[in-house]
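Dear colleague,

Please find below the structure that I am handing over to you, together with its sequence. My notes on it follow directly after.

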Amino acid sequence: MTNILIVDDDREVGNFLNYFLKEKGLNVYMAYSGKDFCELFEKQSYQLALIDVKLPDTSGLDILKNITEKMPACKTIVMTGYSTVKVAVDAIKLGANDFIEKPFDDLDALEMTIDQLLANKVTTAESDIQELARTSGIITGKSDTMNRLLALAYKIAPKNINVLIEGETGTGKELFANFLHYASQRNGQPFIGINCGALSESLLESELFGHEKGAFTGASKERRGVFELAGKGTLFLDEVGEASMSTQVKLLRVLETGEFMRVGGETVQKTNTRIVAATHVDLTEAVKNRAFREDLLYRLDVVKLVIPPLRERREDIPLIANHLLNKAEEKIQLSEEAAELMQQYDWPGNVRELSNVIKRTLTIMDEGSSMISPRHLPVNIRTGKLLLIEKAKPTEATFEEYLKKWTDDMLDVWRAEEKVEMEMILNKVKDLEREIGRAFVLKVLKETIGDRQDAAKRLNISMRKLRYLLNEKGQPSVK
Ligand SMILES: Nc1ncnc2c1ncn2[C@@H]1O[C@H](COP(=O)(O)OP(=O)(O)OP(=O)(O)O)[C@@H](O)[C@H]1O
């Protein structure tokens, strides 16, 4: 028998869920407070818990933590009102499987969520997320932060809430907005993006809300704005922090009432467009500096997705670079050394910069060459690595010091009167061999600006031997 636990102090909601779930043949248990929950939780195991975030004697999030820690197989759904949607996002981060908004206006969706969780369809969701990410153009591999972010975006996408995407320039904010659109029920409707920083105030307002004929000089015909064009789809407001104060007031009105008027118009129009806004600046700071309206930020930032810069997910760099390369020129590959240099670099312009570097590199490749090697990369990327080699490379003074210390130690052993351990002496000789090998490789790598193939050629050794001499496992700094 499937046991369901409902934790909600609102008896009407409780009764409704009780009836709804019993009709489905499920065993339902009701807790109206934290105290009730503790008693019921001790008694038996549950397959699903529906938890209200606001309870009279405890917080729904504490109950959630309790369940995820002590009964990890129990699926969890958090229930929120509009004012507590932000808490729901925290709940997802804490491990809740989903959240639903009260009042429940879409019972089919609620039933589907419950059925899927009870059928353990989590793996379907994972492959769905990967598929949607690919459709939206987002390439990601092992980066935990990105995968968690995609999972969170996937869960909030079908909900009727606005999302704010924060991230440095070129991190893929627009791709995430696309992902949210594709993952929502709005995916059959238009997705329209508009950059609030690229247009003058009057042009932006006319683009957003449309205008009537004769509204301003040059308005020879009436024109629909993106709110009308997007309809029930998604509107992506890029660089929303750049909108003027007057435009911010108009945006706030749409968000509060769902109403707007065309420029020069007198008829109020209704909209049901979902807003996904993006910014590369910290809007909380902008509010402090009075450059952005606090009430508008509150409306836009119901859920915030913060996309990490590329340097905080270096494991994704070769993957994205190879993807961009395949798209542009199928036959050319990235050498291991070039990929390593790219991973060391900080990419202030993020994926957009990476994409530009790939494009530029392809234009300077010699005809017939099929491999991007370090010498093809821009000097700033090569020198990023150089700094690391510089740090790892022993100077002549430290090398000399090492040799002297080694000789002194060996002479001490030679002169000592106690019995000699041959094993210890041979280990010291191995140490010397390793240090000398590594020092010479690093010296030559500096001359070849990090090009390992060239360094191996100059030293007349194989690449395998070069890696062995660098003792890479023990020397992460020169990887
Ligand atoms: N994870 C990714 N995988 C593949 N391509 C990506 C990824 N992230 C970003 N890109 C590419 O990088 C470029 C910049 O992405 P996008 O325009 O979405 O960034 P943005 O954060 O919106 O930039 P801006 O703040 O400058 O508007 C695009 O060409 C996009 O296709």
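Five residues of domain 2 are in contact with five residues of domain 3, two residues being in contact if their C-beta atoms, placed from the backbone, lie within 7 Å. On the side of domain 2 that touches domain 3, there are no nonpolar, four polar and one charged residues. In this classification Ala, Val, Leu, Ile, Met, Phe, Trp, Tyr, Cys and Pro count as nonpolar, Asp, Glu, Lys and Arg as charged, and the others, Gly among them, as polar. The centres of the two domains, taken over C-alpha atoms, are separated by 35 Å.

Please note that this is a predicted model, in which local features need pLDDT of at least 70 and side-chain atom pairs count only at pLDDT 80 or more, while totals for chains, interfaces and linings use all residues. Residues are numbered from 1 along each chain as its sequence is written.

The domain assignment gives domain 1 (3-120), domain 2 (156-306), domain 3 (312-388) and domain 4 (393-478); such bounds come from an automatic or database assignment.

The ligand lies between domain 2 and domain 3, because both give residues to the shell around it. That shell holds 19 residues, the closest being Ile139, Gly172, Lys173, Glu174 and Val351; a residue is included if its C-beta atom, placed from the backbone, lies within 6 Å of the ligand. Helix H8 (173-182) and helix H16 (350-364) are the elements that give two or more residues to the shell. Helices (H or I, at least four residues) and strands (E, at least two) are DSSP runs, numbered from the N terminus. By class, the shell has six nonpolar, nine polar and four charged residues.

Tyr345 and Leu310 are 35 residues apart in sequence and 9.7 Å apart in space, C-alpha to C-alpha.

Finally, Asp52 is in strand E3 (residues 48-52). The unreviewed UniProt entry annotates Asp52 as "modified residue: 4-aspartylphosphate"; such annotations may be inferred rather than shown by experiment. Asp52 counts as buried, with 22 C-beta neighbours inside 10 Å. Leaving aside neighbours within four places in sequence, Asp52 is in contact with Val7, Asp8, Asp9, Asp10, Gly60 and Met79.

Yours sincerely

Key
A residue is buried if 20 or more other C-beta atoms lie within 10 Å of its own, exposed if 12 or fewer, and partly exposed in between; C-beta atoms are placed from the backbone.
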